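This report goes through one structure by topic, from local strand pairing to whole-chain totals. Please keep the sequence and the model in view while reading.

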Amino acid sequence: MSPDQTVENKSLRILSKTLIGDDGRVYACSDNDFFSFESNGSIAWSVHMDFKCNTGFSPVYSGFNQMFVLAENRILRIDFPRNGTKSEPEMFFDPGETILGFAVSISSSSVYITVKDHGLYAYNMLRQQLWIAEPKTERFGYRLGCRKDYENCKFDSPPVIDSCEASIYISNNEGELYSLSLRGTYYQWIQDLSLVDRFFTVTPGNNGLVYVVFPTKSLVFALDSFSGDILWQKTVGPLAETSGSHPVIDTNSWVSIGSLDGTLYSFSRTGELQKIPENVETDSMIQVEPLLDCSGNGVYVSQTKLEGKTDQVSGDGTYVSAKKPETAVFSLVVPETRSIHWSHSYSDQSPSLLLDEDLQHFVLDERIVLAFITASNSGNPFRCRSKHDKLSSSCLFAEPEHLDIYIGNERTIIWFLLFEFVIIVLFASLVRFCFIFWKKQKLQGRPFSAFLDKRRLLHRKRREIDRTITRLRNESTADEFSVDKINDLVQERANVKRKLSSTYSLGRDIDASKSKDHVLPLYGGGSRSFSFRNRENESNTIFETHRHETSSSEDSYRDQHYDDDDDDGVADDEIDEGDLRRKQKGKFLAHSEGSSSDDYETCGIASSRRSTYLKKRSLSLRN
């Protein structure tokens, strides 16, 4: 290289890591300027910053026509020009400490920042602090994370966001990987990877997996994003520790990473390996991270061909020494089909690199050239999609598989579940019945056995009344005595049934005052008439008794026999047919003797016949 070329290279500016937007532009910063490039390399617009940007971090899009840039441990917010008017960069976050990295979640409109020796900070777009997370945490009295050196444990990596799972992944200086929720300081899981290596990079797959790459060990791990469990691990070729240890994941859920042996290693979601190309030249390497094309199906790869290289194995790592590069081969690869759709080689002397002259003021290494080739969709036959559409496609793989846990007879299982349902219903009904039953008034302060004895006695009493009524109805005689007796037995049976259905029932107590069932009297008029046949002269004798003359005796009888709900005595409920007959006879005599002579005269009955009739009637009752 001539002295003139050396002076020229020193005057060139170095661009930071690039970001390819949905609009096909390339965004990057250099020194105190932020640039927006067209896909051909021309500058679309630029903004001057008061702070020098950090070239190790790429700009981050916030979703509101804004960019976030890390410059001198400060995060600046840059608005896109509107109607040709540029706005000054706004100071978003200035902790006064070293910023290890940051990430933006468009779905939650939040910015997550890792500050060295302090923790993980969460801010909304209005610059309001949401929460702070630290690696030291306890749950139910147990420590989670920082198990080896609790005092000196700190976060030491930039946060990365899994948009499908709404999670943040971050690691500490002890080799532990954390999964936090975007909504708060809830630790979903912590995986200790220190047994493999303390230095690793984390890339969310947005497909239900999170990929961890150990550059010095040349290992790729796939972890379940929900539980943190290691699903599979694969060995790849030697990796570049700084620029080539981050894989790229396409929308078909294939993860691809370039190796210093010149091979692109692609793994499916289940760990199936594809090597592209199959036969690689020995003097080639991939030292730049692959980039996803605009469709999400293909990957652009840069493969450098060298004058020569040597590999040296030391312990668990492989060290590669490379000589002067000759050419760079850029290719568009589809990992799922292992097909190469486009390939082109460039060299320092090649005039076929069709980029705008604006890029002549910047250092064009493989990383920058690969970004502009990707933005221009060179040789891409697929239709471009937005980042939202690509994210939606990859998130479909994150849905859990529907596993059939019933491996037996489904019909038997259905019958078993139905049987369990019936048992639960019966048990609930039994509990409800017991709750209602034990609230009965007759069970308060009394033994349960007395309640059952009383209930059995009432049932026996009802059966005896039924038998007595049946016997009286079958008798041939139908006089006033039989009619009154049947009437009283019917009323007494109704009273027994009322007790069995209310106070001595197996359900709740029923308020008798609110019951609509009433025992109707046998006669509804104000007087009753009786007719008797005289066998001697076949003449009829008719007499009439007034209601007011018998009301007192009947009411006293009913009060004695039917209004005894509070009487629980057993002896009082026994049916004594002799007592009943004496009561009926006394009742009839009271009716007969209480009648006045005027009443009999109104009916045409002589006084002598009256006395004769009463004597005969009294004699028949005694018999």
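Predicted model: local features only at pLDDT ≥ 70, side-chain atom pairs only at ≥ 80, totals over all residues.

## Hairpin of β11 and β12

Strands β11 (residues 119-124) and β12 (residues 129-133) run antiparallel and are joined by four bridges. One of the paired residues is Y123, whose bridge partner in β12 is Q129. The hairpin has four residues between its strands, and R127 takes a positive phi near 65 degrees there.

## Sheet β5 to β8

Four strands form an open sheet in the order β5-β6-β7-β8, and their pairing is antiparallel. At the edges are β5 (60-61) and β8 (90-93), each of which pairs on one side only. Strands of a sheet pair through backbone hydrogen bonds, either parallel or antiparallel.

Strand β7 (residues 74-79) pairs with β8 over three bridges, in the antiparallel sense. Within this pairing, L76 has M91 of β8 as its bridge partner.

## S171 in strand β16

S171 lies in strand β16, which covers residues 167-171. With a relative accessible area of 6%, S171 falls under the 20% limit and is therefore buried. Apart from neighbours within four places in sequence, S171 is in contact with K154, F155, D156 and S157, and also with E176, L177 and F200. The C-alpha atoms of S171 and L193 are 9.7 Å apart, while the two residues are separated by 22 positions in sequence.

## Helix α2

Helix α2 spans residues 366-375, and nine of its 10 residues are buried, so the helix is largely enclosed by the rest of the structure. The buried residues are E366, I368, V369, L370, A371, F372, I373, T374 and A375. Just after α2, N377 takes a positive phi of about 55 degrees.

## S393 in helix α3

S393 is located in helix α3, made up of residues 387-395. The side chain of S393 is joined to that of R385 by a polar contact of 2.9 Å. With neighbours within four places in sequence left aside, S393 is in contact with T251 as well as R385.

## Annotated segment 413-438

In the UniProt record, an unreviewed entry, the annotation "transmembrane region" covers residues 413-438. What secondary structure does the chain have over residues 413-438? The stretch is 96% helix and 0% strand, and its end C-alpha atoms are 38 Å apart.

## Whole chain

The protein chain contains 10 helices and 35 strands. Of its 623 residues, 41% are buried. The chain exposes about 34700 Å², and carbon and sulfur atoms supply 51% of that area. Among contacts with a separation of 6 or more, 50% are between residues 24 or more positions apart.

## Confidence

The pLDDT of the protein chain averages 79, and 76% of the residues score at least 70. Residues 1-8 stay under 50, and the model has two contacts beyond four places in sequence for them. The pLDDT is also below 50 over residues 582-610, a stretch with 42 contacts in the model beyond near neighbours in sequence.

Note on methods:
Residues numbered from 1 in each chain as written. Heavy atoms only, no water. UniProt positions renumbered as here; feature names shortened; annotations may be inferred. Helix = DSSP H or I, 4+ residues; strand = E, 2+ residues; numbered from the N terminus. Polar contact = N/O pair within 3.5 Å; in protein donor to acceptor, adjacent residues only side chain to side chain. Contact = heavy atoms within 4.5 Å. pLDDT = per-residue confidence, 0-100. Pairing = 2+ DSSP bridges. Buried < 20%, exposed > 50% of the residue type's maximum accessible area, 1.4 Å probe, protein only. Areas by Shrake-Rupley, 256 points an atom, 1.4 Å probe, with all protein chains shown as cover.
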